[in-house]
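The sequence and the structure come first, followed by the text.

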Amino acid sequence: MTAVDAVRFEKAAERHAAQIAALVQHTVREIYPRYYLPEIVDAFCSLHGEDAVLQDIRQGTVYGLWMGNRLIGTGTGRQDHITRVYVLPALQGRGYGSFIMEKLEREAARQYAAVQLEASLPACLLYEHRGYRTICHGQWPVENGVILVYEIMEKQFNEEPRYGP
């Protein structure tokens with residue numbers, strides 16, 4: 001039995017908003033300072049606060065990854081767009097992020113030919129390994145003149161494999 005066999009992935013309820021926001025905040029505060037300036041870390045935290053999580057839960061787009069009664073990861077799938085995929089830092093590198101992505105991609109593939117996401121630096125390699133390609137870059141001015149530049153990535157479903165450069 002693998003680690004992902006012992007988990008369940010299900011839609012989040014309103015009562016989970018604070019817990020999901022706390023997981024995201026904890027993960028951002030622990031991982032992102034290795035990649036980003038403090039202003040950008042703060043901007044990510046404000047973007048994914050409890051109110052934003054609750055709003056998405058009410059739209060039926062937020063999922064939790066549970067190990068027993070413990071929330072260990074989350075992801076949001078909104079039509080052909082995936083966002084807010086986070087796994088507790090202590091459990092990263094064990095396949096949970098890929099598991100969340102697989103579930104969200106499967107849902108999107110039911111109605112769409114492709115799915116898009118905005119990639120943070122810590123997640124770019126995961127997405128590339130899953131078949132995502134950068135289609136453009138976005139910019140987000142935060143504070144103190146700091147600008148976050150991020151990748152907008154897309155994965156085509158049922159795409160023929162490409163060979164060569």
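How many nonpolar, polar and charged residues does the lining of the largest pocket have by class? The model is a predicted one, and in it this lining has 19 nonpolar, 10 polar and five charged residues.

**Pockets**

The largest pocket holds about 810 Å³ of space. Its lining is made up of 34 residues, and those closest to the centre are Tyr-32, Val-85, Ser-120, Ala-123 and Tyr-127. Several elements each supply at least two lining residues, among them helix 1 (17-31), helix 2 (38-47), strand 5 (114-119) and strand 7 (147-156). Strand 4 gives the most, with seven residues.

About 190 Å³ of space lies in the second largest pocket. Of the 14 residues lining this pocket, Gly-77, Arg-78, Gln-79, Glu-107 and Ala-108 lie nearest its centre. Strand 3 (70-78), strand 4 and helix 4 each supply at least two residues of this lining, and the largest share, three residues, comes from helix 4. By class, the second largest pocket is lined by five nonpolar, six polar and three charged residues. Helix 4 also supplies at least two residues to the lining of the largest pocket.

**Salt bridges**

The count of salt bridges comes to 10. Glu-102, Glu-105, Arg-106, Arg-130 and Lys-155 are linked in a network of such bridges.

| Pair | Closest N and O atoms |
|---|---|
| Arg-106 and Glu-102 | 3.1 Å |
| Arg-130 and Glu-102 | 3.0 Å |
| Glu-105 and Arg-130 | 2.7 Å |

Arg-106 and Glu-102 both lie in helix 4 (residues 96-109); because they are four residues apart there, about one helical turn separates them. Arg-106 counts as exposed, because its relative accessibility is 51%. Glu-102 is partly exposed at 30% relative accessibility.

Glu-102 also forms a salt bridge with Arg-130. That pair links distant parts of the chain, 28 residues apart: Glu-102 is in helix 4, while Arg-130 is in the loop between helix 5 (124-129) and strand 6 (133-141). Arg-130 has a relative accessibility of 15% and therefore counts as buried.

Which residue forms a salt bridge with Arg-130 at 2.7 Å between the closest N and O atoms? The partner is Glu-105. Glu-105 lies in helix 4 and Arg-130 in the loop between helix 5 and strand 6, so this bridge ties together parts that are 25 residues apart in sequence. Glu-105 is buried, its relative accessible area being 4%.

Key. Residues numbered from 1 in each chain as written. Predicted model: local features only at pLDDT ≥ 70, side-chain atom pairs only at ≥ 80, totals over all residues. Heavy atoms only, no water. Salt bridge = Lys/Arg side-chain N within 4 Å of Asp/Glu carboxyl O. Buried < 20%, exposed > 50% of the residue type's maximum accessible area, 1.4 Å probe, protein only. 1 Å grid on protein atoms, 1.4 Å probe; cavity = no way out; pocket = protein on both sides within 12 Å on 5 of 7 lines; lining within 4 Å. Points joined across faces, edges and corners; volume = space filled by probe spheres on them. Nonpolar A, V, L, I, M, F, W, Y, C, P; charged D, E, K, R; others polar.
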